[in-house]
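Here are my notes for you, written as numbered points. Keep the model open while you read and find each spot as we get to it.

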Amino acid sequence: MRGIVDHQRSYGDASPPGPADLAVALLLALLGFAFLLTFDPFERPVMFDPATWDYMSIELTRGLVPYRDVFLHKTPGAAFVGALGAAAGPLLGLSPVQGAHGLFVVLGAAGPALLYLVCRSSLGVAGAVAAAAFMMAFDQWPTAAVEGVRPKIATVTFGLACLFCAGRRSFLISGIWGALATLCWQPGLAFLVGALANCWTVEPGNRLRATVRLVLGATAPVAGLFAWLWSKGALLDLFQQAVGFNLSYIESKARGPLATLRALYRQVSGWNPVELLLLPAAVFGIAQAPRTVPAGLAVAGIVYVVMVLVSFQAWPDTILFAPFVGCMLGAGLFTLGTAGLSKTPVSVALCAVSLAAAITPVAPRLHTKLDFAEQRAQMLKLSDGLPPHYTVVAVSVPEFLIHAGKRNGWKWPYMWSGVDRFAADHTTDGFSGLLSQLEVIDPDLILIARRWSGPHRSAFRRWTRSRYAKKSVRVFPHLAPPIEVHRRLKRPRTTRGH
């Protein structure tokens, strides 16, 4: 750490970016935006986890309060970002969901441009451009950017803004960006720790002041969110769901070290083959000159690796590796290439290879089987024949809620990975109390999909058996398993609750 800090001080990392650097960053952002548009982000069907965040983003503009009105085991920042896009969409001639998607495409284009600015002082123009291009070549990044409201896209982009401001010695602003990254996903805290490392690159007499300013900046967004949730009666729910649930989840679901490494290997083996081929050489190059990696980015990467080893869940967790892998490739390959060759041909070759990798993605999720309109038509068929003001409860089917423009009648958007147990533990009379809630809601339509199993699912099936007719319907992305569609058999004569 001391060597990295000394390196940053010697390179004059506090110097502001010049007009040429800002112009290059803007060009990279525009190119990235144009590249992401080639995957038709406004015409793609909504799907799975991003659709859940799409739904929450849209409903936030209609008064939904996270935690109080919908269960949420992450910090809610991405939903607020998506809500901003959803509110702006109609002003730009877009639907709310298209507006939310469009804002995340912008964030997906801004991330590599910010990485360029973070790396510029250490790597020079060519190395920093290569780092940015390799970040876009990291297939998980463009995939997540075009799929909709993905918390980890906002986390990384805001986190890189945090590191950029810390590198410029704007620690108050850096803290604000770092807090926003963390409020989008808890592991965004890694970027704040990286910014803290930058506090130690200033003169010894100013380190405490820099740290205090960073902390004050980070406190402001958190205090604002807490105050808003408190005013809505949802602050306790935040701690129960985003903190308590995750602690119990990690305790019950955490893999052992070998199992975590095996899961990581399965994910890494599917990365862009060009990057996989070049990564060993890049690591060797960095080993020869470790100080080429910016201090804050290096520390943030180390902290996130530790977090992943503690709790790794699925491929979206690897999205946060994008800036670190991009920087490693840019720094390591540039170091190796310039060890015995002229910088000019190495720079040209490195930029060419990185840009070629960026525009030749291999991730299958970048291409879908149908478009938004086709999915909408199929989803809306699930409610054919129901009265205009029907009520619906959707468990793991946010796609229907988005297309139908309906708010879920139940607080629980999904029930897998222990959420059903959590819901029962926090409801009077346990799971029987949850079923009583359903009796009060009295939904005309219940949709169930994805991974809910166990005794509570069995109890739910027994509850629906005498009340609903069930059939299975396959609508993308719910093909295996299909959606369970439950339609009410008969209506009670008493007044229905809401």
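1. **Ground rules.** This is a predicted model, so local features need pLDDT of at least 70 and side-chain atom pairs count only at pLDDT 80 or more, while totals for chains, interfaces and linings use all residues. Residues are numbered from 1 along each chain as its sequence is written, and side-chain values use heavy atoms, with hydrogens and water left out. Helices (H or I, at least four residues) and strands (E, at least two) are DSSP runs numbered from the N terminus.

2. **Helix 3.** Start here: 11 of the 13 residues of helix 3 are buried (under 20% relative accessible area; exposed is over 50%, partly exposed in between, with a 1.4 Å probe and protein chains only). That is why helix 3 counts as largely enclosed by the rest of the structure. Among the buried ones are Trp53, Asp54 and Glu59. They pack against helix 4 (77–88), helix 5 (96–137), helix 6 (140–147), helix 7 (151–167) and helix 18, where contact means heavy atoms within 4.5 Å. The end C-alpha atoms of helix 3 are 19 Å apart, which agrees with the 18 Å its 13 residues should span; the expected span is 1.5 Å times one less than the number of residues.

3. Rolling a probe the size of a water molecule over the atoms shows where empty space is left. On a 1 Å grid over the protein atoms alone, a cavity is a set of points where a 1.4 Å probe fits but cannot get out; a pocket is an open set with protein on both sides within 12 Å along at least five of seven lines; lining residues have an atom within 4 Å of a point. Grid points are joined across faces, edges and corners, and a volume is the space filled by probe spheres set on the points.

4. **An open space.** Now try the second largest pocket, with a volume of about 530 Å³. Of its 21 lining residues, Gly301, Ile302, Val305, Phe324 and Met328 lie nearest its centre. Which helix gives the most to this lining? It is helix 14, with 7 residues. The classes come out as 20 nonpolar, 1 polar and no charged residues.

5. **Helix 20.** Helix 20 has 12 residues and reaches 17 Å from its first C-alpha to its last, close to the 16 Å expected. Its buried residues include Phe431, Leu434 and Leu438, and the buried set packs against strand 1 (392–395), helix 19 (419–425) and helix 21 (455–465). Just after helix 20, Asp442 takes a positive phi of about 50°.

6. Strand 3 (residues 468–475) and strand 4 (residues 478–488) run antiparallel, joined by 7 bridges; two strands pair if DSSP finds at least two bridges between them. The hairpin passes through 2 residues, and Tyr468 has Arg488 as its bridge partner. Pro477 lies in the loop between these strands, and the peptide bond to it from Phe476 is cis, with omega near 5°. Pro481 sits in strand 4, and the bond from Ala480 to Pro481 is also cis, with omega near 0°.

7. Most residues other than glycine have a negative phi, and most peptide bonds are trans. Tyr67, in the loop between helix 3 and helix 4, has a positive phi of about 75°. Is Tyr67 buried or exposed? Tyr67 is buried, because its relative accessibility is 0%. Arg169 has a positive phi too, near 70°, and counts as partly exposed at 24% relative accessibility.

Key:
Ala, Val, Leu, Ile, Met, Phe, Trp, Tyr, Cys and Pro count as nonpolar, Asp, Glu, Lys and Arg as charged, and the others, Gly among them, as polar.
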